[in-house]
Amino acid sequence: MSIELVSETRCFDGAQRQYEHQSQVLDCKMRFAIYLPPIAADTKETEQKFPVLYWLSGLTCTDENFSQKAGAQRMAAELGIVLVIPDTSPRGDEVADDEGYDLGKGAGFYLNATQQPWKQHYRMYDYIVEELPQLVEAHFPVSGRRAISGHSMGGHGALTIALKNPGRYTSVSAFSPICNPMACPWGEKAFSAYLGSDKTLWEEYDATVLLSRATERMPMLISQGEDDQFLEQQLKPNALEAAAEAAGYPVKVEHHTGYDHSYYFIASFIEQHLRFHADYLLAH
């Protein structure tokens, strides 16, 4: 459970850090970023425990995209929330890859692969749900209160992980999530490769299907740009909204005119999402 500090930068009187560790679940070295707000950045001077927001990034991203582009640290510092930003997939020369940007490294899809050559390393679901939180909670002044959020492929990951683990997260949110991967090109390609042809296995990682079956409700916020180039073919928020309405699931979906799929969109509304999570993370 050891970690090695790679870099550290002062940010809003807190600390933006990057760590490397050997993942037992993924069988390779992994990096993750963490933002520690003021006080939490100096563990020697505080016994206070801070809640954590896990952020899952999208296709082609690493732990650095959100850290550098979203501008989330200012609000995390104000609210007293730790941000944990993992990589999107296993890495290393020994890890299977594909020529396409939407499969392999940078495209782990936050699932546990069952097919060769992927299943040895591509177990991002277990990594996000079990191994990484154990690591974070062992090394940093954090509490057991967790929320989860993400963008695009990471939005898919956040929604599915939250829906599959009721009670583990106080709240979930997503920017431009892949809502119905079983019915879009990105999801069909990835699920076929990682999970094989049995579509009953695909259902376990499809937010629209999982939401329609959910027996517990949790606070859920989704932000979608109306000028997103992937909206109709890949993201399909209407499918999730229809499932929520049919199931009586109180998801809040906000459509934003003029916004696209980029980090400009995320930066514009990340404060809203952090305040949304703070309502539940900081509740007594």
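Tutor: Let's start with burial: buried means under 20% relative accessible area, exposed over 50%, and partly exposed in between, using a 1.4 Å probe and protein chains only. This is a predicted model, in which local features need pLDDT of at least 70 and side-chain atom pairs count only at pLDDT 80 or more, while totals for chains, interfaces and linings use all residues. Residues are numbered from 1 along each chain as its sequence is written, and side-chain values use heavy atoms, with hydrogens and water left out.

Student: Okay, so does F230 count as buried, exposed or partly exposed?

Tutor: F230 has a relative accessible area of 24%, so it is partly exposed. W186, at 3%, is buried.

Student: And how do I read the ring pair of W186 and F230?

Tutor: Rings of Phe, Tyr and Trp (its six-membered ring) pair if their centres lie within 6.5 Å; planes under 30 degrees apart are stacked, over 60 edge-to-face, and the rest tilted. The ring centres of W186 and F230 are 4.8 Å apart with the planes at 45°, so this pair is tilted. It connects distant parts of the chain, 44 residues apart: W186 sits in helix α5 (residues 185–195) and F230 in the loop between β8 and α8 (231–235). Those element names come from DSSP runs, numbered from the N terminus: helices are H or I with at least four residues, strands E with at least two.

Student: How many aromatic pairs are there?

Tutor: The structure has 16. Another tilted one is Y259 with F265, at 5.6 Å centre to centre and 40° between the planes. Y259 is partly exposed at 30% relative accessibility, whereas F265 is buried at 0%. Ring pairs also tie W55, F66, F175, Y259, F265 and F269 into a cluster.

Student: Which way do the side chains of β7 point?

Tutor: In a regular strand, side chains alternate between the two faces of the sheet. In strand β7 (residues 172–175), V172 and A174 point one way, S173 and F175 the other, and all are buried.

Student: Which strands pair with β7?

Tutor: Two strands pair if DSSP finds at least two bridges between them. Strand β6 (residues 142–151) runs parallel to β7 and is joined to it by four bridges, with I148 opposite V172. Between β6 and β7 the chain passes through helix α4 (residues 153–164), and this β-α-β crossover is right-handed. Right-handed here means that, with the strands pointing away from the viewer, the path from the first strand over the helix to the second runs clockwise. Strand β8 (residues 220–225) also pairs with β7 in the parallel sense over four bridges, and V172 stands opposite M220 there.

Student: Which rings does K164 lie over?

Tutor: The rule is that NZ of Lys or CZ of Arg is within 6 Å of the ring centre and within 35 degrees of the ring normal. K164 lies over the face of Y125, at 5.5 Å from the ring centre, and over that of Y205, at 5.2 Å.
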